[in-house]
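Thanks for coming, everyone. I'll show the structure and then talk through how its chains meet.

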Amino acid sequence: MLTFMASDSEEEVCDERTSLMSAESPMPRSCQEGRQGLENGEGAAQWVGSHQQSKASGQRGQESEEDHEEDPDRYVCSGVPGRPPGLEEELTLKYGAKHVIMLFVPVTLCMIVVVATIKSVRFYTEKNGQLIYTPFTEDTPSVGQRFLNSVLNTLIMISVIVVMTIFLVVLYKYRCYKFIHGWLIMSSLMLLFLFTYIYLGEVLKTYNVAMDYPTLFLTVWNFGAVGMVCIHWKGPLVLQQAYLIMISALMALVFIKYLPEWSAWVILGAISVYDLVAVLCPKGPLRMLVETAQERNEPIFPALIYSSAMVWTVGMAKLDPSSQGALQLPYDPEMEDSCDSLGEPSYPEVFAPPLPGYPGEELEEEEERGVKLGLGDFIFYSVLVGKAAATGSGDWNTTLACFVAILIGLCLTLLLLAVFKKALPALPISITFGLIFYFSTDNLVRPFMDTLASHQLCI
Amino acid sequence: MTAAVFFGCAFVAFGPALALYIFTIATEPLRIIFLIIGAFFWLVSLLLSSFIWFMAATLTDNKDEPRQRDLLIFGVLISVLVQEMFRFAYYKLLKKSSEGLKSINPGEKAPSMRLLAYVSGLGFGIMSGVFSFVNTLSDSLGPGTVGIHGDPPQFFLNSAFMTLVIILLHMFWGIVFFDGCEKKKWYTLLVVLLTHLLVSALTFISPYSGLNLVLAYIILVLTGIWAFFVSGGSCRSLKLCLLCQDKDSLLFNQRSR
């Protein structure tokens, strides 16, 4: 089932301008598990869904500089009206550090949720079948066969993602907004209700807490309904952010459970490469999507993008149309890979919303601008850290090393964003660091630290 | 063991570092970033030293116990050396980046080298402490009896105090080290390296962990005093601070509000 969820570009007012953030619905990634993978507890319903992962988190660092060159009279500073242009870069750097932290916090929270669940709830580390997109099993006698199977699994998954992405771009180009929107809603419905129900069930089982069905129904209903409203319509920013984090964590947990070991690592590597290609190549689908949205001057699928701040404007100045091109409403290049059953990772691109070219006087209140990161980034970061926690043989060092590596990668990516000021893929650097640190910590550092600990030495 | 042991040891080991983080670092985004980069540098140094130890262990490939222990001691010494090298590398990076920061923001005050010394030392310390203690902590939540084979039963508490001393020492070493680099007093670097080696060597020279701890704390106090004077403190400023009469104290600001 292919569902696309797109933000309703025509109907929704620009997200960054309204004080209540029009939430973006994350595309739930539903996995279509193979029949043998259904665990008994879940009522044997076959999970069909589309994995839509907003992966497109592009960094659109449209900071002041480029606008400033065009019109020196316009105070296109980092959102603060009336500042002389000389202070721009200073503000940019200050904002840069602040924005890095604004992204560190949700990424950290998502990882904490995933790692805490992995370490405590047995369900997500049990092998219970595989997704239909990774049909080759890894239960083979020889190492070479296993490696081959994992590579084949990766090829299948990546090709599904590519097909989905291209389909999405085609749909977007031909303006099938209703279709996309409907699919997004269906996907987030499934994520917010079904996956939450399963998660809650497993957590209650782990802690041996009994809950009757009416209470359960009430809880899940409230959680899901508020989530749908927050994500697709309007809601307090913090609540929307919290829901996006929870949804990313749920999606990551599903991946951690259903992707076999080696396939997961190879898929992570391949996704970063694909992300790099899709965002940076001139004919890359994500780049085309971003450019199309830019041409049409509308936000791309406001769903599935985590936005770190909202824009407060009181008495909005009237934008002069000539500046529209530079202004660009912040859109989420989160592309949901409308994957039929595979959650396509949303392209991780981090976007920083463009600065408005307001003449300073008309803006009555300072704008707070934020950076946007695609939910796919959250999901894949959490998958990496979660897999490290799940397979690290009870070792916390590996998990922590991957965590620090991912944060450093995110930092570097944001630095590049500040330098290049265009949509950038957020996956490659972090995932590369994460993978390097996972394998080296697991194989080199862990024996060293264990031996030191057993002799009670300290370094 | 019990939750009391877990929480007690966790707070003994990480309490001061957490307090330092909350009160001095968490408010400024740039400092958080430098802290995490510092932690990353320590991690890379650990990786390198583990690699060297691993290579040495596989190359000699000798399974008897004394040989393994010798290799381990060699690994520890190499690790200390590599950590200090990476501290120097971080200093170089910060020096270069602070020049870059100054050129970008002429008006804004970039963080001073002293502040960066403190932040980087704390980053090193936190990562080092976490890596050495977190596995022990998570084991303390599980079942078991400590010291059932005749080992000292205060294993967790000793480890927690040792972790605390290492974290604080890293912080002081960072301050002293960067100051030595700034003022080109190279003997300072040597002293830091030797002190670090001494603290690590204490753990394998003396089997009595109580003695180790006491000596390590003495070194901590001495290094702390040195760092205090190096970073500009003096007896007078200490007195003013303790009597809450100096301009920078929180109480002074609150009073004037």
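Start with a term: buried area is the accessible area, taken with a 1.4 Å probe, that two parts lose on being put together, summed over both. Chain B and chain A bury about 3600 Å² between them. Of that, 78% is on carbon and sulfur atoms.

Some housekeeping. This is a predicted model: local features need pLDDT of at least 70, side-chain atom pairs count only at pLDDT 80 or more, and totals for chains, interfaces and linings use all residues. Residues are numbered from 1 along each chain as its sequence is written, chains are lettered from A and ligands numbered from 1 in the order written, and side-chain values use heavy atoms, with hydrogens and water left out.

Back to the interface. Contact means heavy atoms within 4.5 Å. By that rule, 44 residues of chain B touch 37 residues of chain A.

How many salt bridges are there between chain B and chain A? The count is 0, where a salt bridge puts a side-chain nitrogen of Lys or Arg within 4 Å of a carboxyl oxygen of Asp or Glu.

Which helix gives the largest share of the side of chain B that touches chain A? That is α2(B), with 17 residues. Helices here are DSSP runs of H or I, at least four residues, numbered from the N terminus. The residues on this side of chain B divide into 27 nonpolar, 14 polar and 3 charged. Nonpolar means Ala, Val, Leu, Ile, Met, Phe, Trp, Tyr, Cys and Pro; charged means Asp, Glu, Lys and Arg; the others, Gly among them, count as polar.

Definitions and conventions: Helix = DSSP H or I, 4+ residues; strand = E, 2+ residues; numbered from the N terminus.
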